[in-house]
Amino acid sequence: MVKTKFFGGIVISAQSLDLSIFNLRTLEVIERVSAPVALGERLFSDGGIDVDAVNAAIDALRGFQQLMQDYGVTEQRVVASHTITSAENINFVRDQIYTKTGLTVHFMTVSEELLFRYEATAIYLPNFHTLSQQNTVLLQLGASSITLMVFQRGELTLTRELQLGPLQVAQRMAELKRRATAYEVILADYIHSKLLDILRFLPQEAFGQVILMGSKLTLLEKMIPMGQRSLTISHQQFNQRYHQVMTLSPQELQNDEQLPELEATEVAPTFLLLDEILDALQTKTIWLTNIKLLDGFMVHLGSHNGKYKHWDFDAAVITATQHVAARYNIDTGHQKQVLKFAVQLFDRLRKIHGLGRRERLLLQLAAILQDTGLYLDANQHAFHSEYIIRASEILGLDHTEQLIVAAVARYHSSAAPSADLSHFNQLPLVQRLVIAKLAAILRLADALDDSHQAKISAISVSIRRTTITVTATANADIELEKWTFAQKADFFTNVYGLQPILQRKGSLR
């Protein structure tokens, strides 16, 4: 009998460290524990993490390690929320954790967290598929930020993040609270002015359904029955809870609602934020959930291990990225052709590039976004595409992956990259090789539709000892495509040691 292997997933966030020990194959949770450590207590007032909080976190991690050892955990991964990674001394903190526990902490991006929450909601909210077909917003309320994920007709059409989390607001306005006579009125005005920066980008439609999740919903999560993942309430029921909570003093919140002192200061910002957003969205029904970032982390690990095959999360990433590209008025016909040819070339050349599923996805995203820079300027548009991609929220990508996608898009144009990719010396050689391999493929794919007329309907690829021949099925003249293909082929030859050749088959009309 094969012994079951357990995996340990740890999430470090602003107010707690959470561990889940689970079966990676089935995602059955064996043990789940939380250590309340206020790493974010002084994050927004002083800019860093207090040394006592760091030591408390290290003690908690050592306890987690002992528990994992008791269960025979063979693998573990530690991630830190993007709130924590904004601390000025975060690199020192990560080094202290490594030297004292041996654990390496991965810094999550906002985009990764968005994907984790999306994956968890898709799995744990039974009617999520139905909700996503309607005008629905997944609203996440974290310590430092709020994020909105807009679903329409089954697609994730928009994501927006704003640095306006309750902990951040409470710490930044602490001095004003001490001297203001009408603090809640001023707080409401402040929140209203900041929310305009995010709400004006939403479609001017009613969003009757809101899925609510995050780390700052303690007083609402108490309404969810024990053992359940979610509860549906009306907007009116939320208003009743809102008015009830806003009349409680800090002492009553600590005594009657059992909130820690730090969380009690966040209640007013939390409920004022929610009230403003729900009114602006014209929400009718609210799905309260107790789904956490740790749940998304587990689902993400499981999905990459073959679990949840009925959910194609990569397809969701691609669709969301297409909506990002659409903001820049790109030529969707050309985009479709380049994306198709890039994937076909990648798959056919798998034996010579040695890359995997994740790199295939990065190539697809680069193909989708490569022409976004044209929105700014047709001259050297690939350079504009690079910084647009760097500055965008690309669902699910970590920092390095976003740099790779941006670099591949930068080098898709006729201007050949330098052989050593010196522009990206900040990346390790392994990542620079990935950029080179993907850029070489994308350059050929882009050349196959250089006229933007979709002349080529299909391609086949034949690999020989020193050449690869791309045979294009076309019933129109493709001399422009051949000329551009030949120009872009040199870089491919430098990277792969093979000379690309383009030939046509089909009768001319």
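## A sheet and its helices

In this predicted model, helix α17 (residues 332-348) lies across β12 and β13, and it runs at about 20 degrees to β12. Helix α23 (residues 479-496) also packs on the sheet, where it touches β12, β13 and β14. The direction of α23 makes about 155 degrees with that of β14.

The sheet itself is an open one of three strands, ordered β12-β13-β14, and its pairing is mixed. At the edges sit β12 (456-463) and β14 (499-505), each pairing on one side only. From one strand to the next, the twist averages 20 degrees.

Now for the β13 and β14 pair: strand β13 (residues 467-474) runs parallel to β14, and seven bridges join the two. Thr473, for instance, has Lys505 in β14 as its bridge partner.

Nonpolar side chains tend to be buried together in soluble globular proteins. Here, the largest nonpolar core has 96 residues, and Leu438 and Phe492 are the ones that touch the most other members. Helix α22 (residues 429-447) supplies the largest share of this core, with 11 residues.

So what does Phe492 touch, leaving aside residues up to four places away in sequence? Its contacts are Leu349, Ala440, Ile441, Leu444, Ile468, Gly497, Leu498 and Pro500. There's also a second, separate core of 44 residues, and Leu139, Leu220, Phe238 and Tyr242 are among them.

## The annotated span

An unreviewed UniProt entry annotates residues 27-299 as "domain: Ppx/GppA phosphatase N-terminal". In the model, that span is 51% helix and 19% strand, and its end C-alpha atoms lie 8 Å apart.

Conventions: Residues are numbered from 1 along each chain as its sequence is written. This is a predicted model: local features need pLDDT of at least 70, side-chain atom pairs count only at pLDDT 80 or more; totals for chains, interfaces and linings use all residues. Side-chain values use heavy atoms; hydrogens and water are left out. UniProt positions are given in the numbering used here, feature names are shortened, and annotations may be inferred rather than shown by experiment. Helices (H or I, at least four residues) and strands (E, at least two) are DSSP runs, numbered from the N terminus. Two strands pair if DSSP finds at least two bridges between them. Axes are lines fitted to C-alpha atoms, for helices over the stretch in contact, and angles run from 0 to 180 degrees between N-to-C directions. Contact means heavy atoms within 4.5 Å. A nonpolar core is a set of buried Ala, Val, Leu, Ile, Met, Phe, Trp, Tyr and Cys residues joined through side-chain atoms within 4.5 Å. Buried means under 20% relative accessible area, exposed over 50%, partly exposed in between (1.4 Å probe, protein chains only).
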